[in-house]
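Please read the points below with the model open beside you, and check each of them against the residues as you go. The note moves from the chain as a whole to its sheets, its charged pairs and a few single residues.

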Amino acid sequence: MATRRSPPAALAAYVLHHHDWSESSLILDLWTREHGRIAAVAKGAKRPHSQMRCVLLPFQRLTIVLGGKTARHDTEPDTAQGGHEAPPDLHLLRSAEWAGGGAMPSGAALLAGFHLNELLLRGLARQDAHPRLFDVYAATLPRLAPHDEAQTAAALRAFELWLLRESGVLPELDRVTLTQVAVRTDVRHGLHPETGVHPLPDGAPGLGGATLLALQSALNAFDLGALQQTCQGALPELRSQLRHLLHYHLGTSMLRTRALMVEVQKLTDTAR
């Protein structure tokens, strides 16, 4: 007696990136709560009357249903349309529905959102689920305020800390890494990609011990609000320290979104 197969499970997802696959289809890099990053082909998504065309947008929470993995001969690109080689483990996107979310970010907030996406694309392997980081991403997007630079910067630094922690490369911030001695509140510390938390000489720029203790406490409690608040009180120091960690562990001298932010700032300064 044949058994009836269960219908595919619906997944929570965001679109991190997409590129044209053929005249009518897209290849998507999707960030899902259940399975992490996955690649999927959305056949016919570029057609004017496609139901998926208007929902496959970045920063919008989706509910998706996947089909099986596609066969190679079913995913050959249309080279006349500038097609790309199919990524491995390519799924078929059967459906996608909008599941809520705010308006599309604009201005600096839009660049900040793309910064989050680039971190995920560079920092996480495919098929590696991080449900807590997915929830942090969803909670961070509304904090990207176009007219509040400090709030946006604090949200980005908090997300960077969480990404590094989820990736297993963030040292414990409440102790000196090499000696395991608790950090002192009257000493400033640096974050090194290889040696971790280390005390700095008097007068050297770095993170205060009280800040490090508060950051570690918020991470341990999984309290994103407290983490963002602590970040907002130490933005210049955190920006410098985390940049070195990210560049080292992501294997790049500068993120693309960071380079774009620098160019936009130069243009803004010139126009004033």
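**Notes on the predicted model**

1. Residues are numbered from 1 along each chain as its sequence is written, and side-chain values use heavy atoms, with hydrogens and water left out.

2. On confidence, the pLDDT (the predictor's confidence in each residue, from 0 to 100) averages 86 over the chain, and 83% of the residues score at least 70. Over residues 262-272 the pLDDT is below 50, and this stretch has one contact in the model beyond near neighbours in sequence, a contact being heavy atoms within 4.5 Å. Residues 75-82 also have a pLDDT under 50, and for them the model has 14 contacts beyond four places in sequence.

3. The chain contains seven helices and eight strands, where helices (H or I, at least four residues) and strands (E, at least two) are DSSP runs numbered from the N terminus. Of the contacts in the chain with a separation of 6 or more, 64% are between residues 24 or more positions apart. The accessible surface of the chain, computed by the Shrake-Rupley method with a 1.4 Å probe (for residues, only the protein chains shown count as cover), comes to about 14,400 Å², and 52% of that belongs to carbon and sulfur atoms.

4. In which order do the three strands of the open sheet stand? The order is β7-β6-β8, with antiparallel pairing, and two strands are said to pair if DSSP finds at least two bridges between them. Because β7 (196-199) and β8 (207-208) stand at the edges with a single partner strand each, one side of each is left without a neighbour in the sheet. Helix α6 (residues 235-250) packs on this sheet and touches β6 and β8, its direction making about 25° with that of β6; here axes are lines fitted to C-alpha atoms, for helices over the stretch in contact, and angles run from 0 to 180 degrees between N-to-C directions. Strand β6 (residues 188-192) pairs with β7 over four bridges, and H189 has P199 in β7 as its bridge partner.

5. Strand β4 (residues 62-69) deserves a look from both of its pairings. With strand β1 (residues 10-20), β4 pairs in the antiparallel sense over four bridges, and the partner of A10 there is V65.

6. Side chains of opposite charge can pair when their charged atoms come close. Counting a salt bridge as a side-chain nitrogen of Lys or Arg within 4 Å of a carboxyl oxygen of Asp or Glu, the model has nine salt bridges. One of them joins D29 and R37, whose closest N and O atoms are 2.9 Å apart; both residues are buried, and together with R126 they are linked in a network of salt bridges.

7. Are R122 and E118 buried or partly exposed? R122 is partly exposed, with a relative accessible area of 33%, whereas E118 is buried at 9%. The two form a salt bridge with closest N and O atoms 2.9 Å apart, and both lie in helix α1 (residues 107-123), four residues apart, about one turn of the helix. A further salt bridge links D186 to R184, and D186 is exposed, with a relative accessible area of 56%.

8. F59, with phi near 70°, lies in the loop between β3 (36-42) and β4 and is buried at 5% relative accessibility. Q127, with phi of about 60°, is found in the loop between α1 and α2 (131-140) and is partly exposed at 39%.

Definitions and conventions:
This is a predicted model: local features need pLDDT of at least 70, side-chain atom pairs count only at pLDDT 80 or more; totals for chains, interfaces and linings use all residues. Buried means under 20% relative accessible area, exposed over 50%, partly exposed in between (1.4 Å probe, protein chains only).
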